[in-house]
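Please look through the structure below. The paragraphs after it go from side-chain packing to open space, and then to the backbone.

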Amino acid sequence: MIRPAQLCDASAIVDIYNHYVQNTTVTFEMTPVTATDMAKRIAECDTSQLPWLVAEEAGQVIGYCYASQWKGRSAYRFSVEATVYVAKEAMGKGWGTRLYQALFATLAARGMHAVLCGIALPNAASVALHEKFGMEKVAHLKEVGHKFDQWIDIGYWQYLFKYETHSRAKVTPVD
């Protein structure tokens, strides 16, 4: 089941995210995040009227995704940055795809135009997920992050919604 995140989900989300913080280079955060920190992030999306979704299986949060403002200036108001994380034990079971399907549908319904996603490279699985949604690589920034004694590149992928009218988006479903 995929549903909107609630502030009470913050602890479960932190458990998922901190695995990536402490063990991988897919996030550039280096210090584990607290449930209070995560609750503030969820609230910020809510205040910005942007979606934060969680995937639940057997009553447990096993993944999440959200869209945040790309930049603060008002001309960017139709552009968002999307992020998805799945619990280690739920990886490879299609949850990332289901979360992004729900997120992209929500963004289209809200009239968003551009979705951007930053990916720490190399990361073949994340690249494949994003390209599955029709995202195209639009930028490659070399050695912009330093974690675990190594320099890390970031690639940016982008998707532009194609609108038939101003109020209805044409969204192609993903298999």
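Methionine 38 touches Ala10, Ile13, Val14, Tyr17, Val33 and Trp52, leaving aside residues up to four places away in sequence; contact here means heavy atoms within 4.5 Å. The model is predicted, so to speak of local features a pLDDT of at least 70 is needed, side-chain atom pairs count only at pLDDT 80 or more, and totals for chains, interfaces and linings use all residues. Residues are numbered from 1 along each chain as its sequence is written, and side-chain values use heavy atoms, with hydrogens and water left out.

Met38 also belongs to the largest nonpolar core, where Met38, Trp52, Tyr64, Tyr100 and Val115 have the most contacts. This core has 50 residues. A nonpolar core is a set of buried Ala, Val, Leu, Ile, Met, Phe, Trp, Tyr and Cys residues joined through side-chain atoms within 4.5 Å. Buried means under 20% relative accessible area, exposed over 50%, and partly exposed in between, with a 1.4 Å probe and protein chains only.

Tyr100 is also one of the buried residues of α3, among them Trp95, Leu99, Leu103, Phe104 and Leu107. Helices (H or I, at least four residues) and strands (E, at least two) are DSSP runs, numbered from the N terminus. An α-helix has 3.6 residues a turn, so residues three or four places apart point the same way. Just after α3, glycine 111 takes a positive phi of about 80 degrees.

Where is the open space? The lining of the largest pocket takes two or more residues from each of α1 (10-23), α2 (35-47), β3 (60-69), β4 (79-86), α3 (95-109), β5 (114-121), α4 (124-132) and β7 (150-160). The largest share, six residues, comes from β4. A pocket is an open set of points on a 1 Å grid over the protein atoms alone, where a 1.4 Å probe fits, with protein on both sides within 12 Å along at least five of seven lines; lining residues have an atom within 4 Å of a point. Val26, Thr83, Val84, Tyr85 and Ser126 lie nearest the centre of the largest pocket, out of 39 lining residues.

Some backbone details remain. The peptide bond from leucine 121 to proline 122 is cis, with omega near 0 degrees, and proline 122 is in the loop between β5 and α4. Glutamine 49, in the loop between α2 and β2 (52-57), has a positive phi of about 60 degrees although it is not a glycine. At 63% relative accessibility, glutamine 49 counts as exposed. Glutamate 143, in strand β6 (residues 136-147), has a positive phi near 50 degrees.
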